[in-house]
Amino acid sequence: MASSTLCVDESAGVTDSTCGRWSSSGVTFQKKADKLELPTTYGAPNVQTDVTLVSEFKQLKLEKEAQKNWDLFYKRNSTNFFKDRHWTTREFEELKACREFENQRLMMLEAGCGVGNCLFPLLEEDRNLFVYACDFSPRAIQFVKQNSCYNPDTCKAFQCDLTKDNLTDEISADSVDVATLIFVLSAIHPDKMHLAVENIYKVLKPGGCVLFRDYGLNDHAMLRFKTGNRLGENFYVRQDGTRSYFFTTEYLQLLFTKAGYREVCNEYVLRETVNKKEGLCVPRVFVQSKFHKPE
């Protein structure tokens with residue numbers, strides 16, 4: 001059941017190219033829920049009843065040009081689009097708690113590292129961490145390696161298509177303590193998501209875990225899409241050609257358990273970002289989950 005208490009959360013640094021940035025005057029309220037209902041701040045939006053799909057020709061073109069579109073995204077935005085994710089260790093205590101002893105050096109995989117908005121805050125906070133960081137976009141990896149905080153002694157960054165390239169070419173099998181998939185899987189075509197999840201499974205230690213966070217069904221970013229942007233069920237394309245899927249906990253459970261994982265935690269995070277200056281209340285819906293590789 002969802003908590004009846006809403007709490008102020010200053011970690012609302014999640015942005016999406018389909019919605020504008022919020023100024024510091026915005027206040028975010030958060031709660032967690034096992035089940036999801038359409039946010040009451042919206043009526044029945046057009047996106048829920050849109051039955052028109054993008055043509056098969058365009059869909060094939062988008063899949064073929066997926067890497068190019070993300071590379072162009074980083075070319076336009078450089079390292080300035082996403083905020084640094086300093087909230088990661090607070091919301092995923094597993095990054096600290098999974099140590100068997102205090103000074104154990106954890107081996108971590110950040111799948112879909114972007115330009116390092118999660119990577120570098122983590123390395124700054126935790127000196128006993130080695131991170132394998134990969135991304136679909138060669139340009140994003142270039143930005144990571146050009147960062148003044150990049151140190152080969154604590155990080156190995158490499159380009160990788162999680163649905164095609166074998167992670168064991170860069171990382172030893174069964175060697176990673178924890179892997180993160182934070183706003184990454186939603187950018188992959190639903191038909192190929194299982195390939196990414198299975199790929200990560202190969203490098204996880206028995207007992208290792210995947211920490212997941214991504215867009216949930218009926219999130220504000222989904223409700224803003226207009227007719228003509230729908231690729232399939234819960235799957236949409238943005239104006240810049242990048243794509244986004246909006247998850248349910250049931251879909252995730254099936255996806256990960258079919259690949260051999262055990263579900264530990266799988267829930268919705270519901271937020272309302274209130275911009276008092278603009279008089280707007282924006283519903284955000286995310287899914288936050290944790291899956292273990294059995295020992």
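This is a predicted model: local features need pLDDT of at least 70, side-chain atom pairs count only at pLDDT 80 or more; totals for chains, interfaces and linings use all residues.
Figure 1. Together with K258, another exposed residue, E250 sits on the face of α10 that is turned away from the buried side of the helix.

**Figure 2. The buried side of helix α10, formed by T249, L252, L255 and F256.** Viewed down the axis of α10, these buried residues fall within an arc of 125 degrees, so they line one face of the helix. The elements covering them include helix α8 and the strands β6 (176-182), β7 (204-215), β11 (262-275) and β12 (280-292). Just after α10, G260 has a positive phi of about 105 degrees.

**Figure 3. The crossing of helices α8 (residues 193-203) and α10 (residues 249-258).** Two packed helices are described by the angle between their axes and the distance between the axes. Here the axes come within 9 Å and cross at roughly 50 degrees. The helices α8 and α10 are therefore oblique to each other, and their crossing is right-handed. On the α8 side, the residues that meet α10 are M193, H194 and V197. Their counterparts in α10 are Y251, L255 and F256. By residue class, the contact of α8 with α10 has five nonpolar residues, one polar residue and no charged residue. L255 and F256 also belong to the buried residues of α10.

**Figure 4. Helix α7 (residues 138-146) and its buried residues.** The buried residues of α7 are A140, I141, F143 and V144. Seen down the axis of α7, these residues fall within an arc of 155 degrees, so they line one face of the helix.

**Figure 5. D174, a residue other than glycine with a positive phi.** Most residues other than glycine have a negative phi. Phi of D174, by contrast, is near 55 degrees. D174 lies in the loop that runs between β5 (155-159) and β6. Its relative accessibility is 41%, so D174 counts as partly exposed.

**Figure 6. F183, a residue other than glycine with a positive phi.** Phi of F183 is near 55 degrees. The residue is found in the loop between β6 and α8. At 13% relative accessibility, F183 counts as buried, because that class takes values under 20%.

**Figure 7. The chain as context for the close-up views.** The chain has ten helices and twelve strands. Of its 295 residues, 54% are buried. Among the contacts between residues at least 6 apart in sequence, 75% join residues that are at least 24 apart.

Definitions and conventions
Residues are numbered from 1 along each chain as its sequence is written. Side-chain values use heavy atoms; hydrogens and water are left out. Buried means under 20% relative accessible area, exposed over 50%, partly exposed in between (1.4 Å probe, protein chains only). Helices (H or I, at least four residues) and strands (E, at least two) are DSSP runs, numbered from the N terminus. The arc is that of the directions from the helix axis to the C-beta atoms. Axes are lines fitted to C-alpha atoms, for helices over the stretch in contact, and angles run from 0 to 180 degrees between N-to-C directions. Angles under 35 degrees count as roughly parallel, over 145 as roughly antiparallel, 65 to 115 as roughly perpendicular and the rest as oblique. A crossing is left-handed if the near helix is turned anticlockwise from the far one by less than a right angle, and right-handed if clockwise. Contact means heavy atoms within 4.5 Å. Ala, Val, Leu, Ile, Met, Phe, Trp, Tyr, Cys and Pro count as nonpolar, Asp, Glu, Lys and Arg as charged, and the others, Gly among them, as polar.
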